[in-house]
Number of protein chains: 2
Amino acid sequence: MEGEISMETVVATTKEELKQEIDCWRNAGETIGLVPTMGYLHEGHASLIRRARQECDRVMVSVFVNPTQFAPGEDLEAYPRDFERDRQLCRQLGVDLIFHPTPEVMYPQGFGTTIAMDQSMTGVLCGKTRPTHFQGVCTVVCKLFGLSHADRAYFGQKDAQQLAIVRKMNRDLDLGVTVVGCPIVREADGLAKSSRNVYLNPQERQAALVLSQAVKLGQEKVAQGETDADAIVSAMKEHIGKEPLARIDYVEAVDDIDLRPAHTVVSGTLFAMAVYIGKTRLIDNFITGGDAK
Amino acid sequence: MEGEISMETVVATTKEELKQEIDCWRNAGETIGLVPTMGYLHEGHASLIRRARQECDRVMVSVFVNPTQFAPGEDLEAYPRDFERDRQLCRQLGVDLIFHPTPEVMYPQGFGTTIAMDQSMTGVLCGKTRPTHFQGVCTVVCKLFGLSHADRAYFGQKDAQQLAIVRKMNRDLDLGVTVVGCPIVREADGLAKSSRNVYLNPQERQAALVLSQAVKLGQEKVAQGETDADAIVSAMKEHIGKEPLARIDYVEAVDDIDLRPAHTVVSGTLFAMAVYIGKTRLIDNFITGGDAK
């Protein structure tokens with residue numbers, strides 16, 4: 001049994017429990033990697049955790065379905081949760097610490113501070129239909145950065161706008177964390193891994209392939225030398241439009257750093273989309289010139 | 001000369017220079033005290049620095065007239081500056097490091113993140129006439145917390161609303177800094193020390209005593225057992241109203257933590273005022289049951 005004790009993944013549900021662990025690491029001069037998640041972990045999360053495990057002395061995963069990034073009518077209550085499974089996966093991946101707080105721990109009575117960012121970053125792409133989403137993301141990520149004292153924090157490129165916004169917040173507010181973006185992880189047939197894929201019925205699951213097909217189509221056009229971003233967007237939209245179960249929220253080309261509209265393809269042009277498959281809203285994207293840095 | 005080298009106060013004007021110094025301290029496991037200022041240092045600042053010097057291995061003073069906490073028409077350009085004098089004072093007080101950035105260093109092209117707080121904290125007292133002020137304060141303080149990696153940060157109780165708001169931001173965003181409030185330092189005749197006192201002509205300087213006189217009057221009434229906060233406010237206003245050069249912005253009684261209106265005096269009732277003396281806006285206050293914690 002002794003051998004197993006050191007393999008145990010500690011679960012902290014309060015800030016005090018978390019601090020106790022983090023303080024030990026800091027006093028020992030260990031580097032800390034943070035992987036912020038909403039749980040229901042999949043291979044995408046696992047890739048972030050593995051990267052953190054490689055690069056940091058200690059790895060902390062937060063599992064918290066953050067209410068402030070959901071608007072009324074969105075899927076806060078329905079969002080899939082399975083903490084026991086998450087805990088086992090974290091243990092298998094060698095995670096040192098899971099932070100799994102309640103909403104009341106993160107947002108106690110009287111909470112009243114938020115982080116706002118220019119509309120040019122937060123009012124575009126997903127922000128058009130989710131106007132308060134990224135304010136909620138920024139606020140919780142800032143809190144997690146502070147609580148974890150992370151040296152490095154790992155985010156998936158699948159949420160490309162989130163990654164760009166977190167990078168900007170980190171830079172603007174001098175939070176001092178190294179923000180690491182990691183490539184999209186896909187199912188064998190191309191569908192980007194997402195906790196929300198569980199919402200899809202078999203017919204929708206098939207229809208959802210239009211997103212990754214559109215990504216592939218766009219990438220091929222770029223590879224063929226097409227530099228007209230609008231033409232590529234049109235081709236992607238046309239492809240998605242053929243699927244009766246798909247309803248486009250947006251397909252857009254923007255700069256991957258400042259998210260301003262891109263009409264000509266350069267290195268770092270982000271082609272991003274959100275598409276409803278039935279009632280499920282899925283996102284996918286690619287960045288020209290390589291994956292997220 | 002060798003003996004003097006270690007007594008030198010380092011001046012960093014860029015984030016890179018700052019980081020180099022801070023990283024050395026962190027690697028050595030030293031505790032860091034931050035005293036954020038807008039320069040033109042006086043005995044009030046000196047008291048914060050002395051406290052930091054007592055409590056921390058390293059002391060960093062920031063000298064930065066933060067443009068984002070001034071509204072158009074306020075005294076950003078006129079705000080008094082004398083960096084050479086500040087530097088000498090810091091050296092005398094054993095400050096290890098002065099951070100003295102330009103606005104461009106703190107807010108480079110494209111900067112676009114701000115910290116907002118509930119109107120119940122930022123829209124009252126000074127926030128009524130300075131609606132964007134505390135957003136600017138929160139943003140720059142958050143940045144200075146991040147850049148300094150401070151364990152402790154020192155603020156004067158003279159800016160009681162600022163102190164309450166910084167405490168709340170620090171708590172809400174889990175910034176992890178110990179925020180220390182320090183008592184108001186006064187001139188021999190009672191006037192609270194302020195960089196803005198330099199604006200007063202001799203006649204105004206004399207008239208400005210109504211603020212500290214009102215504080216004393218309020219404190220006496222509390223000492224006499226008066227528990228009607230509104231009655232105390234009225235008496236303070238009446239006293240200030242007798243001075244022809246004084247124009248009251250506000251005199252109010254609030255809770256010193258959440259800044260909600262207080263009608264009955266309890267421990268932690270903040271009596272705060274802002275009064276124009278000629279064109280100069282001065283503030284003063286007292287908290288029942290002792291100084292800022």
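**Entry 1**

I began with strand 2 of chain B, which is joined to strand 6 of chain B by two bridges, the two running parallel. Strands here, like helices, are DSSP runs numbered from the N terminus (H or I and at least four residues for helices, E and at least two for strands). Two strands count as paired if DSSP finds at least two bridges between them. Within this pairing I found Leu34(B) opposite Ala153(B) of strand 6.

I recorded the basis of the work: this is a predicted model, in which local features need pLDDT of at least 70 and side-chain atom pairs count only at pLDDT 80 or more, while totals for chains, interfaces and linings use all residues. Residues are numbered from 1 along each chain as its sequence is written, chains are lettered from A and ligands numbered from 1 in the order in which they are written, and side-chain values use heavy atoms, with hydrogens and water left out.

I then looked up the pairing of strand 2 with strand 3 of chain B, which is parallel and extends over six bridges. The bridge partner of Leu34(B) in strand 3 is Met60(B). Strand 2, helix 3 (residues 43-55) and strand 3 of chain B form a right-handed β-α-β unit; right-handed denotes a clockwise path from the first strand over the helix to the second, with the strands pointing away from the viewer.

I checked accessibility, with buried meaning under 20% relative accessible area, exposed over 50% and partly exposed in between (1.4 Å probe, protein chains only). Six of the six residues of strand 2 of chain B are buried. Ile32(B), Leu34(B) and Pro36(B) lie on one side, Gly33(B), Val35(B) and Thr37(B) on the other, and both faces are covered.

Ser62(B) belongs to strand 3 of chain B, and I noted that it counts as buried because its relative accessibility is 1%. Neighbours within four places in sequence aside, Ser62(B) is in contact (heavy atoms within 4.5 Å) with Leu34(B), Val35(B), Pro36(B), Thr37(B), Phe99(B) and Leu144(B).

**Entry 1: the sheet**

I traced an open sheet of six strands in chain B, in the order 1-4-3-2-6-7, with parallel pairing. Its edges are strand 1 (10-12) and strand 7 (178-182), each pairing on one side only. The average twist from one strand to the next is 25 degrees; axes are lines fitted to C-alpha atoms, for helices over the stretch in contact, and angles run from 0 to 180 degrees between N-to-C directions.

Strand 6 (residues 152-156) and strand 7 of chain B run parallel and are joined by five bridges. Gly156(B) stands opposite Cys182(B) of strand 7.

**Entry 2: helices on the sheet**

I found helix 8 of chain B packed on the sheet, touching strand 2 (32-37), strand 3 (58-63), strand 4 (97-99), strand 6 and strand 7, with its direction at about 150 degrees to that of strand 2. Of the 16 residues of helix 8 of chain B, 15 are buried, so this helix is largely enclosed by the rest of the structure. After helix 8 comes His149(B), whose phi is positive, near 50 degrees. Helix 9 (residues 160-172) of chain B lies across strand 6 and strand 7, at about 170 degrees to strand 7.

**Entry 3: the two copies**

I superposed chain A on chain B by a rotation of 180 degrees with 0.0 Å of shift along its axis (RMSD 0.0 Å). The two copies are therefore related as by a two-fold rotation axis.

Definitions and conventions: Least-squares fit on C-alpha atoms with pLDDT ≥ 70 in both.
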